[in-house]
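Please keep the sequence and the model in view while reading.

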Amino acid sequence: MTEHLKRSTSAREKDWDVVIKPSKGNAPDLGLVWRYRDLVWMFFKRDFTTFYKQTVLGPVWYIIQPSLTAMTYYIVFGKIANLSTDGLPPFLFYMSGTIIWSYLASCLTNNSEVFSKNANLFGKVYFPRLVVPLSVAMSGLVAFAIQFLLLLTVAVGMKIADPDLALSYRFLFLTPLVLLYTAVLGIGAGLVVSALTVRFRDLVYAVGFMTQLWMYATPIVYPFSQIPERYHWFYYINPMTTPVQAFRSALFDVSALPVALVLANLAVTVAITLCGLALFSRAETNAMDTV
């Protein structure tokens with residue numbers, strides 16, 4: 001009787017294009033996510049349209065925000081605190097760190113409330129929940145692209161005015177790797193937070209504060225070369241040290257990081273991402289009952 005039921009169930013499943021089954025273990029089905037890649041694109045377009053709806057300046061905000069941030073850092077940390085910029089023009093130094101950090105912060109903060117912000121949608125139709133964090137990371141690439149073009153334009157202008165300014169072409173090869181690294185880290189950290197906020201809702205209010213602290217613990221407003229050696233251990237466990245410094249190194253040929261530090265950052269990023277995937281996969285099974 002049991003064998004007959006199994007055969008009949010298997011036969012019925014062959015008549016369907018998609019069969020929804022409970023997930024096994026703590027890992028999401030990445031193959032299923034790939035099959036829903038069109039939905040990722042749809043969510044990306046939705047987020048992009050929603051952001052610009054009823055705005056006056058539109059994409060110009062992507063230029064205004066980092067520019068004002070870089071100018072503020074220049075006044076506070078460059079003029080008042082008199083911090084070194086590794087010989088780079090202050091605007092290029094602060095802007096390069098700001099746009100990388102902004103991309104990480106957008107992935108982290110926008111993914112921290114995936115379940116609560118999409119509760120109505122998640123409760124009505126099934127699709128791999130990992131689709132939403134992936135679309136958020138894609139949306140952040142638009143802002144990065146605009147800001148990166150601004151940074152390149154200013155850098156080329158300064159290079160023309162000052163031929164001694166080092167401008168490397170390695171960014172053509174290294175920038176995609178830096179972006180991939182940052183996206184994986186941002187998604188992984190966002191998945192951890194989103195999974196935990198299902199049970200601990202007050203964690204949402206701490207995300208912005210913790211992200212700000214993390215920024216100051218990353219060499220964005222100060223160069224890694226100025227960090228005393230006795231504190232280097234902290235930057236071995238701060239996974240954002242590598243993308244910020246690698247991005248500047250690729251663009252302006254500043255000093256690179258030790259290989260051991262890069263490998264340590266990579267290991268931390270992999271650990272955060274795997275932990276995020278496991279927690280997110282476990283949380284999505286009963287998130288709609290608790291959100």
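## Helix H9

The expected span of a helix is 1.5 Å times one less than its number of residues. Helices (H or I, at least four residues) and strands (E, at least two) are DSSP runs, numbered from the N terminus. H9 has 27 residues and should therefore span 39 Å; its end C-alpha atoms lie 37 Å apart, which agrees.

Is H9 mostly covered or uncovered? It is mostly covered: 19 of its 27 residues are buried. Here buried means under 20% relative accessible area, exposed means over 50%, and partly exposed lies in between (1.4 Å probe, protein chains only).

## Model and confidence

This is a predicted model, in which local features need pLDDT of at least 70 and side-chain atom pairs count only at pLDDT 80 or more, while totals for chains, interfaces and linings use all residues. Residues are numbered from 1 along each chain as its sequence is written, and side-chain values use heavy atoms, with hydrogens and water left out.

pLDDT is the predictor's confidence in each residue, from 0 to 100. The chain averages 81, and 83% of the residues score at least 70. Among the elements, helix H1 (residues 2-13) has the lowest mean pLDDT, 50. Helix H11 (residues 232-236) has the highest, 92. Where pLDDT is low, the predicted coordinates should not be read in detail.

## Overall fold

The chain has 14 helices and 0 strands. Of its 291 residues, 43% count as buried.

## The cavity

Rolling a probe the size of a water molecule over the atoms shows where empty space is left. A cavity is a set of points, on a 1 Å grid over the protein atoms alone, where a 1.4 Å probe fits but cannot get out; lining residues have an atom within 4 Å of a point. Grid points are joined across faces, edges and corners, and a volume is the space filled by probe spheres set on the points.

How many cavities of 30 Å³ or more does a search of the whole structure find? The search finds 1. The largest cavity holds about 60 Å³ of space. Its lining has 11 residues, and Phe-115, Ser-116, Thr-197, Val-198 and Arg-201 lie nearest the centre. Helix H6 (114-117) and helix H9 (171-197) are the elements that give two or more residues to this lining. H6 provides the largest share, 3 residues. By type, the lining divides into 5 nonpolar, 4 polar and 2 charged residues. Ala, Val, Leu, Ile, Met, Phe, Trp, Tyr, Cys and Pro count as nonpolar, Asp, Glu, Lys and Arg as charged, and the others, Gly among them, as polar.

## Loops

Asn-82 lies in the loop between helix H4 (61-80) and helix H5 (90-111). Asn-82 has a positive phi of about 60° although it is not a glycine. It counts as exposed because its relative accessibility is 62%.

Asp-86 is found in the loop between H4 and H5. Its phi is positive, about 60°, and it is not a glycine. With a relative accessible area of 26%, Asp-86 is partly exposed.

Ser-225 lies in the loop between helix H10 (203-216) and H11. At 40% relative accessibility, it counts as partly exposed. Ser-225 and Thr-85 are 140 residues apart in sequence, yet 9.5 Å apart in space, C-alpha to C-alpha.

## Cysteines

A disulfide is a pair of cysteine sulfur atoms within 2.5 Å. The count by this rule is 0. Cys-107 has 0% relative accessibility, so it counts as buried. Cys-275, at 37%, counts as partly exposed.

Conventions
1 Å grid on protein atoms, 1.4 Å probe; cavity = no way out; pocket = protein on both sides within 12 Å on 5 of 7 lines; lining within 4 Å.
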